[in-house]
Amino acid sequence: MTLVLARAVFVASLLSLGGTLAFGVLVAAPALARAPPVEGARMRRMLRRLTWCSLSVAVAALLTWTVLQAAEIAGTTGAPQALAALPPVLGSTSFGHLALLQLALLGATACLLRAGLLEGRAGLVAALGNVALQAGHGHAMAMDGGFSLLCAADVLHLLAAGAWIGGLLPLLLVVRFAPAATGAMAARCFSPMGRVCVAALAGSALVQGWVLVGGLPALFGRPYGWVVLVKTGLLLLLTGLALLNRYRLAPALRSAAAETGRHRLVSSILVQTGLGLLAVVAASWLSGLTPGMDMGQPPS
């Protein structure tokens, strides 16, 4: 479970990094353009701090996950043995090579951010590229030994999760701390991106489920299938809350009861964020389970 949680924290922080930068380019730029200059500058500083926080947590979580995974691969227990297993795992396994590449890309992202060059599309490409690399740790790459349709679905799933789930925290900040009109504009700009991401998540999940689950008996009779059902339920709840936000709560920010609408929208986004984190934990748990298609005989 410690390994699952370490992986989940890394993936969540990576999604937050990519989602915050996507939010800055696709949502914050048009929404804050109409805000008072002082408020716009304050919100950009908050989004920048969130970017730094996501980046810092991603680096720490990646290092922790790498040490734990090295111990798992080498079959060792205890910190000294895990650290001793780290060099050969980094040097001679695909997991180690990919972890080093992701760490290097996080370092490059930090350099761009410090130089003030990360707020544009180049920074967005760098962050989402790191999100896409996470597909290399999944079942799709391990099964096919290279890039395939299943791996492409995994990449699409991760990118959509980064833009949508990773964008919830920056949306929460803008709705909570910006003027009500700016928050309403941000929620309105976020909605088209959210619809595209939901469609991409659903389509890629269907492809992955069709290949990996191993049919309806395995879906209901294997641990892998049970976790898939949990993750599917979480995504359905997320979609329902997104619809509520778009058509009921966000428009209330422009009404006479703007403060009440703001409170309700913030609460809804907080719940969405929690559900998103649970979905990330479920996905990390799935990565440690054997897919139903690889279990051999169907379940009784």
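Reply: Happy to! Let's start with two residues, Trp-65 and Phe-95, which are both buried. Keep in mind that this is a predicted model.

Me: What makes the pair of Trp-65 and Phe-95 edge-to-face?

Reply: A pair of aromatic rings is described by two things, the distance of the centres and the angle of the planes. For Trp-65 and Phe-95 the ring centres are 5.2 Å apart and the planes stand at 75 degrees. Centres have to lie within 6.5 Å for a pair, and planes over 60 degrees apart count as edge-to-face. The values 5.2 Å and 75 degrees meet these conditions, so the pair is edge-to-face.

Me: Which parts of the chain does the pair of Trp-65 and Phe-95 tie together?

Reply: Trp-65 lies in helix α2 and Phe-95 in helix α4 (residues 94-114), so the pair links parts that are 30 residues apart in sequence.

Me: Why is the pair of Phe-10 and Trp-65 called tilted?

Reply: Here the centres are 5.8 Å apart, with the planes at 35 degrees. Planes under 30 degrees apart would count as stacked and over 60 as edge-to-face, with the rest called tilted. Phe-10 lies in helix α1 and Trp-65 in helix α2 (residues 37-74), so the pair ties together parts that are 55 residues apart in sequence. Both of these residues, Phe-10 and Trp-65, are buried. Together, Phe-10, Trp-65 and Phe-95 form one aromatic cluster. In the whole structure, a search finds three aromatic pairs.

Me: What does Phe-10 touch, not counting residues up to four places away in sequence?

Reply: Its contacts are Ala-58, Ala-61, Leu-62, Trp-65, Gln-102, Leu-106 and Gln-134, with residues up to four places away left out. Phe-10 is also one of the residues with the most contacts inside the largest nonpolar core, alongside Phe-23, Leu-106 and Phe-190. That core has 75 residues, and helix α1 (residues 2-33) gives the largest share of it, 16 residues. There is also a second, separate core of 10 residues, including Leu-150 and Tyr-224.

Me: How do you know whether Gln-134 is buried or exposed?

Reply: We look at its relative accessible area, which is 5%. Buried means under 20%, so Gln-134 is buried. Gln-134 sits in the loop between α5 (121-133) and α6 (139-144). Leaving aside neighbours within four places in sequence, Gln-134 is in contact with several residues, among them Arg-7, Phe-10, Trp-65 and Leu-158.

Me: And what makes Val-57 partly exposed?

Reply: Val-57, in helix α2, has 34% relative accessibility. Not counting residues up to four places away in sequence, Val-57 touches Val-9 and Ser-13. Between Val-57 and Arg-42, which are 15 residues apart along the chain, the C-alpha atoms are separated by 23 Å.

Me: Why is the contact of Arg-42 with Glu-39 called a salt bridge?

Reply: The closest N and O atoms of the two are 2.9 Å apart. A salt bridge needs a side-chain nitrogen of Lys or Arg within 4 Å of a carboxyl oxygen of Asp or Glu. At 2.9 Å, Arg-42 and Glu-39 pass, so they form a salt bridge. Both lie in helix α2, three residues apart, about one turn of the helix. Arg-42 is partly exposed at 28%, and Glu-39 is partly exposed at 23%.

Me: How many salt bridges does the count come to?

Reply: The count comes to two. Arg-262 and Glu-259 also meet in a salt bridge, at 3.3 Å from N to O. They both lie in helix α12 (residues 258-287), three residues apart, about one turn of the helix.

Me: How do you know which labels Arg-262 and Glu-259 get, buried or exposed?

Reply: Arg-262 has a relative accessible area of 10%, under the 20% cut-off, so Arg-262 is buried. Glu-259 has 52%, over the 50% cut-off, so Glu-259 is exposed.

Conventions: Residues numbered from 1 in each chain as written. Predicted model: local features only at pLDDT ≥ 70, side-chain atom pairs only at ≥ 80, totals over all residues. Heavy atoms only, no water. Core = buried A, V, L, I, M, F, W, Y, C linked by side-chain atoms within 4.5 Å. Buried < 20%, exposed > 50% of the residue type's maximum accessible area, 1.4 Å probe, protein only. Helix = DSSP H or I, 4+ residues; strand = E, 2+ residues; numbered from the N terminus. Contact = heavy atoms within 4.5 Å. Phe/Tyr/Trp six-rings, centres within 6.5 Å; stacked < 30°, edge-to-face > 60°.
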